Amino acid sequence: MSYARRALIVAWKDLVVERRSKETLNALLFFSLALLFVFQFTLGPDRERLAAVLPGVLWLGFILSGVLGLGRTFLVERDNDCWEALLLAPGDKSAVYVGKLAASLALMLVVEAIVLALFTLFFNVDLWPVLPGLALVIVLGTLGIAAVGALFAAMTAQVRTRELLFPVLLLPVLVPVLLGTVKATEALLLREPLTSVAHWWQLLVAADVVYVVVGLLTFDVILEG
Amino acid sequence: MPDNWGFVAAAYGLAAVVFGGYWRRLVRKERELTALRADRANRSRPPSGTAHPRPDAGWRAPLQ
Amino acid sequence: MVTVLGWLAALAIVVGLATGFGMAPREVTQGNVQRIMYLHVPAVWVAYLAFTVGFVASVVYLARRREAADRLAHAACEVGTVFLGVNIATGAIWGKPTWGTWWTWDARLTSVAVVFVMFLAYLLLRQAVEDRERGARYAAVLAIVAALNIPLVHFSVYWWRTLHQPPSLLKPGASAMPPIILAALLVNFGALAILGAYFIARRARVLAGEAEAMA
């Protein structure tokens, strides 16, 4: 069975499971909505202040729901006694990583798209003119989050303190991604030319490359036992 | 600008405390390990002066 | 061997202190509080050197699965974190009289703080995984991710701080460094590096002892 096919099977399995139960999707959506309200209440009704912190608030929401969703990526296998099946999977196990990454990415993008739509509604922002650029930033940023997240999720799946350890491992590592995406989003919302934030794009791409390559190379090691 | 020797002392003092503390931690761990090793070595040797004297040893000694 | 290193470290520290307080002159703008630099800057250099050792040892461990490499990685990352902590704390103590505040989100402090938290997480991971072999594998992967992330952290934080703000903050020990100050700095770096090496060696030895005890 080819590498791509194995990766696709893993991704498809995750997405089908998710489509049937909608467990994670619903939880993430409601979590993001709850965050939206909390932000509104804690930051106050001042429109200008909200507009200024909007990029940060948006990505905070994305990262926090990412932490929640990604932390559960391998729970399906762990809880259903399928962990050994993963360990015994033939061939290069990084195919499993690609599959998990793809599925997580798809799930997160769906949640983020909905959250983004709600944000524009609640905070009354006009995103249409910058949508292509914004979509690109969101894809690049989410790829980074999912790439590290899938790796660390496999690492912490069997650890007793998983729920605490996973965010503690993930968040500091994701600081560059957080900074890059917030700055790029900020520039886009302020209608600045994309060239002025070229370095942030480059940073996001570099980070994504590093994280995915390390993930591909080391996932085998994580799934050894 | 004033010299702020208090801050200099605080900085070097803090470093001394941290490095010293780390060193003490290493020493303590080593001591625990040696104690553990000694403990194990003692346990593997047959204990002297038990409550049940072995008849053989008692009988043979006077002939030496 | 380790004991020799220890005595060497003690000697080097004395020399370092003598250089920092005796040989180095009183700084013109800041006064004698600038002498904290002879501790603060070498500490971060030694920390990053330790993390590099940890990175290489982790790669070697994953490639060869030699226990000694894992113990070296663990020791190096732990010692690096200690030195980085000293760097951050002394940075704050230096900042208070010179910048007027214990903490600012200046590029260097912030990026060092992020790296510090990353490797604290490494230590947490090592504690959390009970199986020794699995812990070694996981920690090695994390050390590799964390080490490769260091330049990304530095660039992102630096751009975050300086591109919309003129670099007006008084950088401790910046611009042209008179040779005598540089010399004192390098001597202290040598001293702390020997201390770091001693700590790593001793820590690795303790880890070896613990592994033997578990066997």
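Q: Start with chain C. What share of its residues count as buried?
A: This is a predicted model. In chain C, 49% of the 215 residues count as buried.

Q: How many helices and strands does chain C have?
A: Chain C has six helices and zero strands. Read along the sequence, the pattern is α-α-α-α-α-α.

Q: And what are the spans of the C-alpha trace of chain C along its principal axes?
A: About 60 × 45 × 25 Å.

Q: What part of the contacts in chain C comes from residues 24 or more positions apart?
A: Such pairs make up 80% of the contacts in chain C that have a separation of 6 or more.

Q: Now the core. Which residues touch the most other members of the largest nonpolar core?
A: Val148(A), Ala154(A), Ala73(C), Ala76(C), Tyr122(C), Leu142(C) and Ala143(C), out of 142 residues in that core. Helix α5 of chain C, residues 132-162, gives the most to this core, with 17 residues.

Q: Let me pick Ala73(C). Buried or exposed?
A: Ala73(C) counts as buried because it has 28 C-beta neighbours inside 10 Å; the cut-off is 20 or more. Ala73(C) sits in helix α3 of chain C, residues 67-99.

Q: What does Ala73(C) touch, leaving out residues up to four places away in sequence?
A: Gly54(C), Ala57(C), Ser58(C), Tyr61(C), Ala139(C), Ala140(C) and Ala143(C).

Q: And Ala143(C), what is that in contact with beyond four places in sequence?
A: Ala143(C) is in contact with Ala73(C), as well as Gly54(C), Phe55(C), Ser58(C), Cys77(C) and Tyr122(C).

Q: How far is Ala73(C) from Val117(C) in space?
A: The C-alpha to C-alpha distance is 17 Å, and 44 residues separate Ala73(C) and Val117(C) in sequence.

Q: Change of topic: chain pairs. Which pair of chains has the most contacts?
A: Chains A and C, among the two pairs that touch. Between them, 25 residues of chain A are in contact with 26 residues of chain C.

Q: Which elements of chain A give two or more residues to that side?
A: Helices α7 (131-156), α8 (162-173), α9 (175-189) and α10 (198-222) of chain A. Of the elements on this side, α10(A) gives the most, with nine residues.

Q: What about chain A and chain B, how far apart are their closest C-alpha atoms?
A: They lie 24 Å apart, and no contact joins chain A and chain B.

Q: Last one, α2 of chain A. What end-to-end distance does it reach?
A: Helix α2(A), residues 23-43, reaches 30 Å from its first C-alpha to its last over 21 residues, close to the 30 Å expected.

Q: Which residues of α2(A) are buried?
A: Thr24(A), Leu28(A), Ser32(A) and Phe39(A). They cover an arc of only 70° around the axis, so they are on the same side of α2(A). What covers them includes α1 (3-21), α3 (47-70) and α6 (94-122) of chain A.

Q: And what is exposed on the other side of α2(A)?
A: Glu23(A), Asn26(A), Phe30(A), Ala34(A), Phe37(A), Val38(A) and Phe41(A).

Notes
Residues numbered from 1 in each chain as written. Chains lettered and ligands numbered in written order. Predicted model: local features only at pLDDT ≥ 70, side-chain atom pairs only at ≥ 80, totals over all residues. Contact = placed C-beta atoms within 7 Å. Helix = DSSP H or I, 4+ residues; strand = E, 2+ residues; numbered from the N terminus. Buried ≥ 20, exposed ≤ 12 C-beta atoms within 10 Å, placed from the backbone. Core = buried A, V, L, I, M, F, W, Y, C linked by C-beta atoms within 7 Å. Expected span 1.5 Å × (residues − 1). Arc of directions from axis to C-beta.
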